[in-house]
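Please look over the sequence and the fold shown here before reading on. The paragraphs after it go from the whole chain to its parts.

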Amino acid sequence: MKVKTLGQFIIERQADFPYAKGELSRLLRDIGIASKIVNRAVTKAGLIEILGETGETNVHGEQVKKLDVYANEQFIAAFKAGGEVCAIASEENDDIIPIYSDISKNAKYVVAIDPLDGSSNIDVNVSVGTIFSIYRRKSNVGAPGQLSDFLQTGLEQVAAGYVVYGSSCMLVYTTGRGVNGFTLDPSIGEFCLSHPDIKIPEQGAIYSINEGNYLKFPEGVKKYIKYCQEEDKATNRPYSSRYIGSFVADFHRNLMKGGIFIYPSTAKAPKGKLRLLYECHPLAFIVEQAGGMASDGFNRILEKRVESLHQTTPLFIGSKAMVEKAMEFMKEYSSEKV
Ligand code: P6P
């Protein structure tokens with residue numbers, strides 16, 4: 001098969017956006033470059049002094065890993081050098097990072113990013129990922145970006161994607177015209193188109209949820225889990241339970257094979273654990289473009305407006321028929337408290 005690199009693909013698709021003057025293309029290229037640098041560190045993490053904790057805790061009270069910090073620095077540096085971004089919101093930073101310099105004074109995009117999601121898995125060699133979401137700024141060009149540039153609904157995303165650092169390094173993204181996957185070929189240092197026009201199966205046979213939280217799940221979630229476990233040949237049940245504990249890895253597997261990932265409200269996280277801005281909105285954009293669905297149990301994730309940078313939401317995401325079935329149980333057995 002003729003190799004098509006990410007760069008060639010972006011330029012080819014740029015023709016789809018006559019109004020675009022190449023800024024978004026350059027921004028996606030910058031993300032690709034930073035991803036390759038992070039991948040190099042992730043694959044060597046056990047060998048270089050980059051494993052383990054920094055001894056700090058982040059705004060979410062989680063242990064900050066050295067690779068979290070390294071990945072965050074690489075993406076911030078790439079966005080600053082690229083000149084297309086006027087502000088960044090990162091899982092690693094309490095507040096936004098405004099950007100204003102000679103090369104970015106006309107920047108019209110903001111990026112929300114989880115630079116290294118699932119980093120608690122790095123030390124045990126489990127796949128981790130980067131998640132990104134790109135919006136047009138609302139504030140006037142010619143000044144640094146502002147918090148208000150991030151307080152939008154997911155429907156206003158210009159592009160979104162993720163990188164999964166696993167048995168291979170894959171970048172998957174959408175600009176609203178389908179979902180395409182690129183696999184890094186280390187021998188040429190290029191992301192090459194490997195999964196054109198990804199579609200998630202309408203029905204899957206995998207459910208992903210941390211059942212350790214079962215006792216405090218909403219009744220609708222408990223009922224749905226039992227539904228998944230019942231014997232019913234006609235609907236290919238019981239489903240398989242698969243939970244890696246690394247959102248990007250769990251999501252990617254379900255996107256490829258079909259399935260549902262649920263992180264509902266729990267005792268420790270009454271409003272869910274995953275963040276709306278830089279985890280749920282981008283993957284909801286991807287999954288809908290691939291024919292799937294993303295909900296908080298009652299409402300479409302993409303229609304939820306960001307009120308604060310690190311706000312969380314319960315999340316039901318994956319194959320359309322599975323999310324719809326889970327929502328039926330939520331409607332019948334749980335009341336909307338999100
Ligand atoms: P729990 C990793 O810390 C993360 O943010 C996601 O990548 C993952 O899906 C989730 O948390 C796992 O959370 O509570 O099941 O360990």
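What follows is a short walk through this chain, starting with its overall form.

The model is predicted, so local features are taken at pLDDT of at least 70 and side-chain atom pairs at pLDDT 80 or more, while totals for chains, interfaces and linings use all residues. Residues are numbered from 1 along each chain as its sequence is written, and side-chain values use heavy atoms, with hydrogens and water left out.

The chain holds seven helices and 15 strands; helices (H or I, at least four residues) and strands (E, at least two) are DSSP runs, numbered from the N terminus. Its radius of gyration is 19 Å, close to the 20 Å that the globule rule gives for 338 residues, so the chain is as compact as a globular protein of that length. That radius is taken over C-alpha atoms, and the globule rule is 2.2 Å times the number of residues to the power 0.38. The C-alpha trace spans about 60 × 45 × 45 Å along its principal axes.

Of the 338 residues, 55% are buried. Here buried means under 20% relative accessible area, exposed means over 50%, and partly exposed lies in between, with a 1.4 Å probe and protein chains only. Among contacts (heavy atoms within 4.5 Å) with a separation of 6 or more, 65% are between residues 24 or more positions apart. The accessible surface of the chain is about 14500 Å², and 51% of it belongs to carbon and sulfur atoms. These areas come from the Shrake-Rupley method with a 1.4 Å probe; for residues, only the protein chains shown count as cover.

Now to the sheets. Strands of a sheet pair through backbone hydrogen bonds, either parallel or antiparallel. Two strands count as paired if DSSP finds at least two bridges between them. Eight strands form an open sheet with mixed pairing, in the order S4-S3-S5-S6-S7-S8-S9-S10. Strand S4 (97-98) and strand S10 (190-195) are at the edges with a single partner strand each, so one side of each is left without a neighbour in the sheet.

How many of the nine residues of S6 are buried? Eight are, so S6 is largely enclosed by the rest of the structure.

Asn-125 is in the loop between strand S5 (109-117) and strand S6 (128-136), and at 74% relative accessibility it counts as exposed. Its phi is near 60°, a positive value in a residue other than glycine. Ser-167, in the loop between strand S7 (157-165) and strand S8 (169-174), is exposed at 87% relative accessibility. Ser-167 lies 9.6 Å from Thr-43, C-alpha to C-alpha, although the two are 124 residues apart in sequence.

Asp-197 sits in the loop between S10 and strand S11 (206-208). Asp-197 has a positive phi of about 50° without being a glycine, and its 47% relative accessibility makes it partly exposed.

S11 belongs to an open sheet of five strands with mixed pairing, ordered S12-S11-S13-S15-S14. S12 and strand S14 (293-295) are at its edges, each with a single partner strand, so one side of each is left without a neighbour in the sheet. Within it, S13 and S15 run antiparallel over four bridges, and Phe-261 has Ile-317 of S15 as its bridge partner.

Helix H4 has as its buried residues Gly-220, Val-221, Lys-222, Tyr-224, Ile-225, Tyr-227 and Cys-228. Their cover includes S11, strand S13 (260-263), strand S15 (315-318) and helix H7 (320-333). In the loop between helix H4 (219-229) and strand S12 (240-241) is Pro-238. The peptide bond from Arg-237 to Pro-238 is cis, with omega near 10°. Most residues other than glycine have a negative phi, and most peptide bonds are trans.
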